[in-house]
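Biologist: I would like to learn how to read a model like this one, feature by feature. Where do we begin?

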Amino acid sequence: MKISILDDYHDTLSSLPCFAKLKGHEVSIWTDHVQETEALAKRLENTEVLVLIRERTQILNPLLQQLPKLKMISQRSVYPHIDVEACTRNGVLLCSGQHEGTPSYAAAELTWGLVLAAARHIPQQMASLKNGTWQTGVGQSLRGKTLGIYGYGRIARVIVDYGKAFGMNILVWASEASRAHARDDGLKVATSKQSFFADCDILSLHMRLKDATRGIVGACDLAVMKPSAILINTSRAGLIEKDALLNALKAGRPGMAAIDVFDEEPVTVADDPLVSLDNLIATPHIGYVTHEEYEIQFSDIFDQIVAYAAGSPINIINPQVLKKS
C-alpha cells in the first residue's frame, strides 16, 4: 500500500524500531506542515493510507473529496481535527486507539517540568544570565503548597504522585464520578469549583477536550486565583474559555501560567499576544514528543495498518464504512 505520514517535523519515525512494521509498503514521510487544501490534496493524491501525528493537520470534507484513493486513516487518541462523518461518506476508514492502558509518562514529565520552571522562573533566570545579568527575581518552593488537579485520569494520577514526592498537599476537582474515585484513593476533594481555584497554589488541568469540557475553565474561575498562583495546561487549550487566560494573566490572577497547548497550532508568530506575556512560560506542544513515547504511540498506529492490510482492522471509529464495502 501507499502510505503517507504527515508532519513528522524532525524526521523521527523512520528511525524508530516500530517503523519496521511497515516493511513492504511504499511510505512517504513529510516533515513540513501543510494545511491548505489544494496543496495537501496534491501531496496526498496517490495515498491509500494516511498516518497522522496527533492533531497537527485537519482532515476535513473538502480535502477528502479530492482523495478518491484514500481508504484508511491511522492515528492515536482523540480526533477533533477529523471530520468523521465526511470520512464515512467518502469511504475512508478511521482507526484510532484510545490508549486505555498506561498513561503518557512523557506528558506527565513535561507537566512537572513546567511546574518547576514556573515556580523557580527558570526560563527568565536563564535569559537574564545569557543577557549578562545575574539573578532576576525570587521564586517559590513547592513543599507545603497546594497542588490542584483538575480532572482525575491516568496522567493526573501520575502528577499526584509527583506532587506527593515534593511534599505538596493535593486537592482535586473533577466530574462527580472522578471526584468519587479521588476520594476512594484517599485524596482531598474541594468543596466547590470556586474554592478549588481560590485555594490552589499550583493548578494543573488534566481533561480530554470534548463538548462537555470545552471552555470549562472560565474567566470567573481564573479571577479568584491567588496572585501568586500558577496555572499549568498540558492538556488542551480549548479547556479554557477563549482569551480568558490572556486577560487573566494581564490582570495578575493567576500570577503566572505555563502551557504546552494553544488554540491554533502551530504558533509561528513571535508576537503572539499570549506567548509575548512576561508571566507566561510556553512550549510548542511537546508533551508527547520523546523517542520513547513515539515508539509506544506509533507501534499502535502501525499495528492498525498491519491489521487493516490483513483484512482485520482494529480500533475502528466509523464501522459504517465496512458495511458499505
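Modeller: Begin with burial: a residue counts as buried under 20% relative accessible area, as exposed over 50%, and as partly exposed in between. The model is predicted. Trp112, at 6% relative accessibility, is therefore buried.

Biologist: How many of the residues of the protein chain count as buried, as a percentage?

Modeller: Of the 325 residues, 47% are buried. The accessible surface comes to about 15600 Å², and 52% of that belongs to carbon and sulfur atoms.

Biologist: How many helices and strands does the protein chain have?

Modeller: There are 12 helices and 12 strands. The radius of gyration is 21 Å, close to the 20 Å from the globule rule for 325 residues, so the protein chain is as compact as a globular protein of that length. Along the principal axes, the C-alpha atoms fill a box of roughly 60 × 50 × 35 Å. Of the contacts with a separation of 6 or more, 63% are between residues 24 or more positions apart.

Biologist: How many positive and negative side chains are there, and how far apart are the centres of the two sets?

Modeller: The protein chain carries 32 positive and 36 negative side chains, with the two centres 4 Å apart.

Biologist: How are aromatic pairs read?

Modeller: Two rings pair if their centres lie within 6.5 Å, and planes over 60 degrees apart make the pair edge-to-face. A search of the whole structure finds 9 aromatic pairs. In one of them, Trp112 and Tyr162 have ring centres 6.0 Å apart and planes at 65°, so this pair is edge-to-face. The pair links distant parts of the chain, since Trp112 belongs to helix α4 (residues 105-119) and Tyr162 to helix α6 (residues 154-165), 50 residues apart.

Biologist: Is Tyr162 buried or partly exposed?

Modeller: Tyr162 is partly exposed, at 22% relative accessible area, whereas Trp112 is buried at 6%. Phe196 and Phe197 form another pair: the ring centres are 5.6 Å apart and the planes are at 90°, so the pair is edge-to-face. Phe196 is buried, with a relative accessible area of 0%, and Phe197 is buried at 0% relative accessibility.

Biologist: Which residues do ring pairs link into a cluster?

Modeller: The cluster consists of Phe19, Tyr288, Tyr294, Phe298 and Phe302.

Biologist: How should I read the buried side of a helix?

Modeller: An α-helix has 3.6 residues a turn, so residues three or four places apart point the same way. In helix α10 (residues 244-251), the buried residues are Ala244, Leu245, Leu246, Ala248 and Leu249.

Biologist: What covers the buried residues of α10?

Modeller: The cover includes α9, β10 (230-233), β11 (256-259) and β12 (280-282). Ala244 of helix α10 is buried at 5% relative accessibility. Beyond residues up to four places away in sequence, Ala244 touches Gly218, Ala219 and Leu222. Ala219 lies in helix α9 (residues 219-223) and is partly exposed at 38% relative accessibility. Leaving aside its neighbours within four places in sequence, Ala219 is in contact with Glu241 and Ala244.

Biologist: How far apart are the C-alpha atoms of Ala244 and Gly24?

Modeller: They are separated by 50 Å, and the two residues are 220 residues apart along the chain. For Ala219 and Ser178, which are 41 residues apart along the chain, the C-alpha separation is 23 Å.

Biologist: Now the backbone. Which peptide bonds are cis?

Modeller: The bond from Arg253 to Pro254 is cis, with omega near 0°, and Pro254 sits in the loop between α10 and β11. Glu265 and Pro266 are also joined by a cis peptide bond, with omega about 0°. Pro266 is in the loop between β11 and β12.

Biologist: Where does phi take a positive value?

Modeller: Arg54 is not a glycine, yet its phi is positive at about 50°. Arg54 lies in the loop between β3 (49-51) and α2 (61-64) and is buried at 14% relative accessibility. Asn315, likewise a residue other than glycine, has a positive phi near 55°. Asn315 is in the loop between α11 (291-309) and α12 (320-324), and at 37% relative accessibility Asn315 is partly exposed.

Conventions. Residues are numbered from 1 along each chain as its sequence is written. This is a predicted model: local features need pLDDT of at least 70, side-chain atom pairs count only at pLDDT 80 or more; totals for chains, interfaces and linings use all residues. Side-chain values use heavy atoms; hydrogens and water are left out. Helices (H or I, at least four residues) and strands (E, at least two) are DSSP runs, numbered from the N terminus. The radius of gyration is taken over C-alpha atoms; the globule rule is 2.2 Å times the number of residues to the power 0.38. Buried means under 20% relative accessible area, exposed over 50%, partly exposed in between (1.4 Å probe, protein chains only). Contact means heavy atoms within 4.5 Å. Accessible areas come from the Shrake-Rupley method with a 1.4 Å probe; for residues, only the protein chains shown count as cover. Lys and Arg count as positive and Asp and Glu as negative; His and the chain ends are not counted. The place of a charge is taken as NZ of Lys, CZ of Arg, CG of Asp or CD of Glu. Rings of Phe, Tyr and Trp (its six-membered ring) pair if their centres lie within 6.5 Å; planes under 30 degrees apart count as stacked, over 60 as edge-to-face and the rest as tilted.
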